[in-house]
Amino acid sequence: VAKRLEKFKTTIFTQMSMLAVKHGAINLGQGFPNFDGPDFVKEAAIQAIKGGKNQYARGYGVPDLNNAIAERFKKDTGLVVDPEKEITVTSGCTEAIAATILGLINPGDEVILFAPFYDSYEATLSMAGAKVKSITLRPPDFAAPIEELKSAISKNTRAILINTPHNPTGKIFTQEELNSIASLCIENDVLVFSDEVYDKLAFDMEHISPASLPGMFERTVTMNSLGKTFSLTGWKIGWAIAPPHLTWGLRQAHSFLTFATSTPMQSAAAAALRAPDSYFVELKRDYMAKRAILVEGLEAVGFKVFPSNGTYFVVVDHTPFGHKNDVAFCEYLIKEVGVVAIPTSVFYLNPEDGKNLVRFTFCKDEGTLRAAVERMKEKL
Ligand code: GLN
């Protein structure tokens, strides 16, 4: 394996899902729903395939999807963007992140992450030869330590990567935090790469897109995808919205990474994004009910549960159960209890910082969530 990837192991999600299968454990680890997306979206994909939309798509997106993304972004943020010059369709948000980093970051540039951070960020930054710095969000509220961020910014800082609502903590960045981050970015001429794939799962607080703050659109790449919002994580349709001077760089990387994304799935994605408002209201309501079941269950089991305001994840402190760290706890949980969670230490530059925390997902049907809680009540 190339040196730039030597330190990265099989992703924690793959490892844990394999163990779930091997031990017949209930998988509250990797974040994928155990139910399917809506029929009207699946039907649109079938019609697109039968209707002959099966050859290469336009590299930066099927026109109808670029338009649907622009319409949705306007509804959500009030921002009017040019679907031709400012939107690029990618193979999932993971590719949007990779294209953004590889297309806009030079070797030696510094990029700041908020830890715990989603694993692909660090690996992709490593492929780009970037220098990674991280600022730690700490329990109980995972507030953004703005003074630490200020000290971390140097003349070599090129970008700050924000993920809101935040995986794994369920934190939603507040207006105040985003305003402070925005001022720092403007003062220091720093870009924002904003991963907003859980924007429709913002439960107790409003989701704010950093690009919508004054002076920020011109320095922000906003990334999103279809997977979480439509329970279609296997479709891998994502996108990046950015002003033309940033879009140019990320499109160059996208052109040579994947060139284009699945044509019929893009057609169906356009139909999905035009879903009536009621779809988004129901999605949120269903997830809030699931969250309540899991959170109450985990508290009853004896965990210290940190509030999750968004995403389909919740982070807990496992130390009441006496295991030496998060990995040891998760191993015990799989083998002896039959439930899978994700150890969080892999989401920090220094794994020690995550040793007390594990992540559970509630993107499962209610029966599955209750069964997992029952197992933990019995055997933990
Ligand atoms: N985003 C999902 C999670 O955080 C997993 C994606 C993956 O398996 N790479 O659980």
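A: UniProt positions follow the numbering used here, and such annotations may be inferred rather than shown by experiment. With that in mind, the UniProt record places the feature "domain: Aminotransferase class I/classII large" at residues 26-375, in an unreviewed entry. The model itself is predicted. In this model, the end C-alpha atoms of residues 26-375 lie 9 Å apart.

Start with the whole chain. The protein chain holds 12 helices and 13 strands. Its C-alpha trace spans about 55 × 55 × 45 Å along the principal axes. Buried residues make up 48% of the 380. A residue counts as buried if 20 or more other C-beta atoms lie within 10 Å of its own. Now take the contacts between residues at least 6 apart in sequence: 74% of them join residues at least 24 apart.

Next, the domains. The domain assignment gives two entries: domain 1 covers 3-30 + 278-379, and domain 2 covers 39-273. Their centres, taken over C-alpha atoms, are separated by 25 Å. The contact between them takes 29 residues from domain 1 and 28 residues from domain 2.

Look at the side of domain 1 that touches domain 2. Helix 10 (277-301) and strand 10 (313-317) each supply at least two residues there. Helix 10 gives the largest share, six residues. By type, this side divides into 17 nonpolar, seven polar and five charged residues.

Now the core. The largest nonpolar core has 110 residues. Within this core, A240, A269, V339 and A341 touch the most other members. Helix 4 (residues 92-104) provides the largest share of the core, eight residues. Why does the core lie between the domains? Both domain 1 and domain 2 give residues to this core, so it lies between them.

Zoom in on A240. Leave out residues up to four places away in sequence. A240 then touches T88, T90, A96, A99, T100, V221, M223 and L250. A96, A99 and T100 are among these partners, and helix 4 runs through residues 92-104.

Finally, step out to some loops with backbone details to check. Two peptide bonds are cis. One runs from P139 to P140, with omega near 5°. P140 sits in the loop between strand 4 (131-136) and helix 6 (146-152). The other runs from T164 to P165, with omega near -15°. P165 belongs to the loop between strand 5 (157-163) and helix 7 (175-188).

Two further residues have positive phi without being glycine. For D189, phi is near 55°. D189 lies in the loop between helix 7 and strand 6 (191-195). It counts as exposed because it has 10 C-beta neighbours inside 10 Å, and the cut-off for exposed is 12 or fewer. For F259, phi is about 65°. F259 is in the loop between helix 8 (244-257) and helix 9 (263-273). F259 is exposed too, with 11 other C-beta atoms within 10 Å.

Terms used. Residues are numbered from 1 along each chain as its sequence is written. This is a predicted model: local features need pLDDT of at least 70, side-chain atom pairs count only at pLDDT 80 or more; totals for chains, interfaces and linings use all residues. Helices (H or I, at least four residues) and strands (E, at least two) are DSSP runs, numbered from the N terminus. Two residues are in contact if their C-beta atoms, placed from the backbone, lie within 7 Å. A nonpolar core is a set of buried Ala, Val, Leu, Ile, Met, Phe, Trp, Tyr and Cys residues joined through C-beta atoms within 7 Å. Domain bounds come from an automatic or database domain assignment. Ala, Val, Leu, Ile, Met, Phe, Trp, Tyr, Cys and Pro count as nonpolar, Asp, Glu, Lys and Arg as charged, and the others, Gly among them, as polar.
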